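Work through the exercises below with the model in view. Each task is followed by its solution.

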Amino acid sequence: MADEVVLLNTWTSVFGMRIKIALAEKGVEYERKEENLREKSPLLLEMNPVHKKIPVLIHNGKSICESSIIVQYIDEAWKDKAPILPSDPYERAQARFWVDYIDKTVYDTWTKMLFSKGDQEREAAKDELISIFKQLEETLGDKPFYGGDTFGFVDVCLIPFYCAFYTFEMIGNFKMEAEVPKLIYWAKRCMQKETVSESLPDQMKLYEHVLAVKKRLGLE
(Lines give C-alpha, C1' and ligand atoms only; values in the text may rest on other atoms or scores of the structure.)
Protein backbone atom coordinates (compact mmCIF):
# COMPACT_ATOMS: atom_id res chain seq x y z
CA MET A 1 0.00 0.00 0.00
CA ALA A 2 1.42 3.38 -1.03
CA ASP A 3 2.04 6.06 1.58
CA GLU A 4 -0.56 8.81 1.71
CA VAL A 5 1.28 12.07 2.31
CA VAL A 6 -0.37 15.49 2.62
CA LEU A 7 1.26 18.85 3.37
CA LEU A 8 -0.83 21.66 4.86
CA ASN A 9 1.01 24.85 4.04
CA THR A 10 0.97 28.39 2.63
CA TRP A 11 3.20 29.39 -0.27
CA THR A 12 4.81 32.20 1.73
CA SER A 13 5.89 30.02 4.67
CA VAL A 14 9.65 29.54 4.90
CA PHE A 15 8.94 26.76 7.37
CA GLY A 16 6.72 24.97 4.87
CA MET A 17 9.46 25.31 2.27
CA ARG A 18 11.68 23.18 4.50
CA ILE A 19 9.18 20.35 4.20
CA LYS A 20 8.91 20.71 0.43
CA ILE A 21 12.70 20.51 0.11
CA ALA A 22 12.97 17.50 2.43
CA LEU A 23 10.23 15.60 0.59
CA ALA A 24 11.83 16.46 -2.75
CA GLU A 25 15.22 15.24 -1.51
CA LYS A 26 13.60 11.93 -0.59
CA GLY A 27 11.59 11.70 -3.80
CA VAL A 28 8.31 11.46 -1.88
CA GLU A 29 5.11 12.23 -3.76
CA TYR A 30 2.55 14.19 -1.77
CA GLU A 31 -0.59 16.28 -1.97
CA ARG A 32 -0.21 19.93 -1.06
CA LYS A 33 -3.14 21.81 0.45
CA GLU A 34 -2.89 25.60 0.57
CA GLU A 35 -4.20 27.08 3.82
CA ASN A 36 -5.80 30.46 4.39
CA LEU A 37 -4.48 31.44 7.80
CA ARG A 38 -7.15 34.10 8.26
CA GLU A 39 -9.76 31.37 7.87
CA LYS A 40 -8.13 28.13 8.97
CA SER A 41 -9.54 24.92 7.59
CA PRO A 42 -11.22 22.30 9.80
CA LEU A 43 -8.49 19.88 8.68
CA LEU A 44 -5.72 22.16 9.98
CA LEU A 45 -7.51 22.66 13.30
CA GLU A 46 -7.99 18.91 13.59
CA MET A 47 -4.42 18.01 12.68
CA ASN A 48 -2.70 20.71 14.75
CA PRO A 49 -5.12 21.42 17.60
CA VAL A 50 -2.41 22.75 19.93
CA HIS A 51 -0.76 25.50 17.85
CA LYS A 52 -3.19 25.64 14.90
CA LYS A 53 -0.26 26.55 12.62
CA ILE A 54 1.26 25.37 9.38
CA PRO A 55 3.15 23.46 8.17
CA VAL A 56 1.59 20.14 9.08
CA LEU A 57 2.60 16.86 7.47
CA ILE A 58 -0.07 14.16 7.41
CA HIS A 59 1.40 10.71 6.82
CA ASN A 60 -1.14 7.91 6.48
CA GLY A 61 -3.64 9.92 8.52
CA LYS A 62 -1.24 10.85 11.33
CA SER A 63 -0.09 14.45 11.76
CA ILE A 64 3.41 15.74 12.49
CA CYS A 65 3.85 19.41 13.42
CA GLU A 66 6.70 21.94 13.73
CA SER A 67 8.94 22.20 10.69
CA SER A 68 12.27 21.06 12.14
CA ILE A 69 10.57 18.05 13.73
CA ILE A 70 8.83 17.25 10.43
CA VAL A 71 12.15 17.34 8.54
CA GLN A 72 13.67 14.92 11.05
CA TYR A 73 10.60 12.69 10.76
CA ILE A 74 10.91 12.66 6.97
CA ASP A 75 14.57 11.68 7.26
CA GLU A 76 13.68 8.76 9.54
CA ALA A 77 10.53 7.64 7.70
CA TRP A 78 12.23 7.55 4.29
CA LYS A 79 15.76 6.63 5.34
CA ASP A 80 16.70 4.74 2.16
CA LYS A 81 17.53 7.87 0.14
CA ALA A 82 19.42 11.17 0.60
CA PRO A 83 20.13 11.25 4.36
CA ILE A 84 19.45 14.69 5.81
CA LEU A 85 20.86 14.41 9.35
CA PRO A 86 24.45 13.28 9.95
CA SER A 87 25.02 9.69 11.09
CA ASP A 88 27.60 10.76 13.69
CA PRO A 89 25.89 11.58 17.06
CA TYR A 90 28.05 14.67 17.71
CA GLU A 91 27.54 16.08 14.22
CA ARG A 92 23.82 15.37 14.51
CA ALA A 93 23.68 17.24 17.83
CA GLN A 94 25.55 20.19 16.30
CA ALA A 95 23.16 20.34 13.36
CA ARG A 96 20.19 20.34 15.73
CA PHE A 97 21.81 23.12 17.77
CA TRP A 98 22.17 25.38 14.74
CA VAL A 99 18.65 24.71 13.49
CA ASP A 100 17.41 25.59 16.98
CA TYR A 101 19.47 28.81 16.78
CA ILE A 102 17.91 29.66 13.41
CA ASP A 103 14.41 28.96 14.72
CA LYS A 104 14.93 31.16 17.78
CA THR A 105 16.45 34.14 15.99
CA VAL A 106 15.97 34.63 12.25
CA TYR A 107 12.19 34.70 11.80
CA ASP A 108 11.37 36.84 14.84
CA THR A 109 14.08 39.39 13.97
CA TRP A 110 13.01 39.41 10.32
CA THR A 111 9.39 40.16 11.23
CA LYS A 112 10.50 42.90 13.64
CA MET A 113 12.35 44.60 10.80
CA LEU A 114 9.61 44.11 8.20
CA PHE A 115 6.79 45.36 10.37
CA SER A 116 8.59 48.01 12.44
CA LYS A 117 6.75 51.26 13.05
CA GLY A 118 9.70 53.64 12.88
CA ASP A 119 13.19 54.09 11.49
CA GLN A 120 14.93 53.52 14.82
CA GLU A 121 13.11 50.25 15.46
CA ARG A 122 13.75 49.08 11.89
CA GLU A 123 17.48 49.92 12.06
CA ALA A 124 17.88 48.08 15.36
CA ALA A 125 16.16 44.98 13.94
CA LYS A 126 18.23 45.20 10.75
CA ASP A 127 21.49 45.32 12.73
CA GLU A 128 20.35 42.34 14.79
CA LEU A 129 19.40 40.38 11.66
CA ILE A 130 22.77 41.08 10.02
CA SER A 131 24.53 39.99 13.21
CA ILE A 132 22.62 36.67 13.15
CA PHE A 133 23.55 36.03 9.54
CA LYS A 134 27.19 36.89 10.25
CA GLN A 135 27.17 34.26 12.99
CA LEU A 136 25.68 31.74 10.57
CA GLU A 137 28.28 32.67 7.95
CA GLU A 138 31.07 32.12 10.48
CA THR A 139 29.60 28.73 11.35
CA LEU A 140 29.56 27.76 7.65
CA GLY A 141 33.24 28.64 7.30
CA ASP A 142 34.75 27.41 4.03
CA LYS A 143 32.52 24.35 3.73
CA PRO A 144 30.34 23.97 0.60
CA PHE A 145 27.32 23.18 2.82
CA TYR A 146 26.58 23.21 6.53
CA GLY A 147 26.60 19.43 6.22
CA GLY A 148 30.16 19.59 4.89
CA ASP A 149 30.34 18.19 1.38
CA THR A 150 26.69 17.19 1.46
CA PHE A 151 23.46 19.17 1.65
CA GLY A 152 22.05 18.47 5.11
CA PHE A 153 19.73 19.41 7.97
CA VAL A 154 20.97 22.97 8.58
CA ASP A 155 20.99 23.66 4.84
CA VAL A 156 17.40 22.43 4.47
CA CYS A 157 16.25 24.60 7.37
CA LEU A 158 18.13 27.80 6.47
CA ILE A 159 17.94 28.01 2.67
CA PRO A 160 14.20 28.88 2.57
CA PHE A 161 15.06 32.30 4.01
CA TYR A 162 16.98 33.01 0.81
CA CYS A 163 13.71 33.78 -0.96
CA ALA A 164 13.28 36.67 1.48
CA PHE A 165 16.76 38.16 1.04
CA TYR A 166 15.52 40.67 -1.56
CA THR A 167 12.77 41.71 0.84
CA PHE A 168 15.32 42.13 3.65
CA GLU A 169 17.41 44.35 1.39
CA MET A 170 14.52 46.53 0.20
CA ILE A 171 13.00 47.00 3.65
CA GLY A 172 16.32 47.39 5.47
CA ASN A 173 18.17 49.33 2.74
CA PHE A 174 21.29 47.17 2.69
CA LYS A 175 22.89 44.45 0.56
CA MET A 176 23.19 40.92 1.89
CA GLU A 177 26.17 40.18 -0.37
CA ALA A 178 28.09 43.11 1.09
CA GLU A 179 27.42 41.90 4.64
CA VAL A 180 27.67 38.11 4.29
CA PRO A 181 29.27 37.22 0.92
CA LYS A 182 30.08 33.62 1.83
CA LEU A 183 26.48 33.03 2.85
CA ILE A 184 25.31 34.30 -0.53
CA TYR A 185 27.71 31.92 -2.30
CA TRP A 186 26.33 29.10 -0.17
CA ALA A 187 22.75 30.08 -1.02
CA LYS A 188 23.49 30.16 -4.75
CA ARG A 189 25.14 26.74 -4.45
CA CYS A 190 22.00 25.40 -2.76
CA MET A 191 19.82 26.96 -5.45
CA GLN A 192 21.64 24.89 -8.06
CA LYS A 193 19.82 21.90 -6.59
CA GLU A 194 16.47 21.34 -8.29
CA THR A 195 14.98 20.15 -5.01
CA VAL A 196 15.65 23.64 -3.60
CA SER A 197 15.00 25.93 -6.58
CA GLU A 198 11.62 24.33 -7.26
CA SER A 199 10.58 24.58 -3.61
CA LEU A 200 11.16 28.33 -3.14
CA PRO A 201 8.95 31.12 -4.54
CA ASP A 202 10.23 33.99 -6.64
CA GLN A 203 11.91 36.69 -4.50
CA MET A 204 10.01 39.52 -6.17
CA LYS A 205 6.67 37.75 -5.71
CA LEU A 206 7.36 37.38 -1.99
CA TYR A 207 8.42 41.03 -1.72
CA GLU A 208 5.17 42.16 -3.37
CA HIS A 209 3.23 39.99 -0.94
CA VAL A 210 5.03 41.58 2.04
CA LEU A 211 4.26 45.08 0.72
CA ALA A 212 0.59 44.12 0.41
CA VAL A 213 0.55 42.85 4.00
CA LYS A 214 2.23 46.03 5.26
CA LYS A 215 -0.35 48.10 3.40
CA ARG A 216 -3.20 46.10 4.89
CA LEU A 217 -1.73 46.66 8.37
CA GLY A 218 -1.21 50.39 7.76
CA LEU A 219 2.57 50.07 7.95
CA GLU A 220 3.54 51.52 4.54
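**Exercise 1.** Leaving aside its neighbours within four places in sequence, which residues is I159 in contact with?

Solution. The model is predicted: local features need pLDDT of at least 70, side-chain atom pairs count only at pLDDT 80 or more, and totals for chains, interfaces and linings use all residues. Residues are numbered from 1 along each chain as its sequence is written, and side-chain values use heavy atoms, with hydrogens and water left out. Contact means heavy atoms within 4.5 Å. Beyond those sequence neighbours, I159 touches I21, F151, W186, A187, C190, V196 and L200.

**Exercise 2.** Find the residues that touch the most other members of the largest nonpolar core.

Solution. A nonpolar core is a set of buried (under 20% relative accessible area, 1.4 Å probe, protein chains only) Ala, Val, Leu, Ile, Met, Phe, Trp, Tyr and Cys residues joined through side-chain atoms within 4.5 Å. The largest has 62 residues, and F133, L136, L158, I159, F168 and W186 touch the most other members. Helix 4 gives the most to this core, 8 residues.

**Exercise 3.** Describe how helix 4 and helix 7 cross.

Solution. Helices are DSSP runs of H or I, at least four residues, numbered from the N terminus. Axes are lines fitted to C-alpha atoms over the stretch in contact, and angles run from 0 to 180 degrees between N-to-C directions. The axes of helix 4 (residues 89-114) and helix 7 (residues 165-172) come within 10 Å and cross at roughly 40°. The two helices are therefore oblique to each other; angles under 35 degrees count as roughly parallel, over 145 as roughly antiparallel, 65 to 115 as roughly perpendicular and the rest as oblique. From helix 4, W110, M113 and L114 meet T167, F168, I171 and G172 of helix 7.

Key:
Buried means under 20% relative accessible area, exposed over 50%, partly exposed in between (1.4 Å probe, protein chains only).
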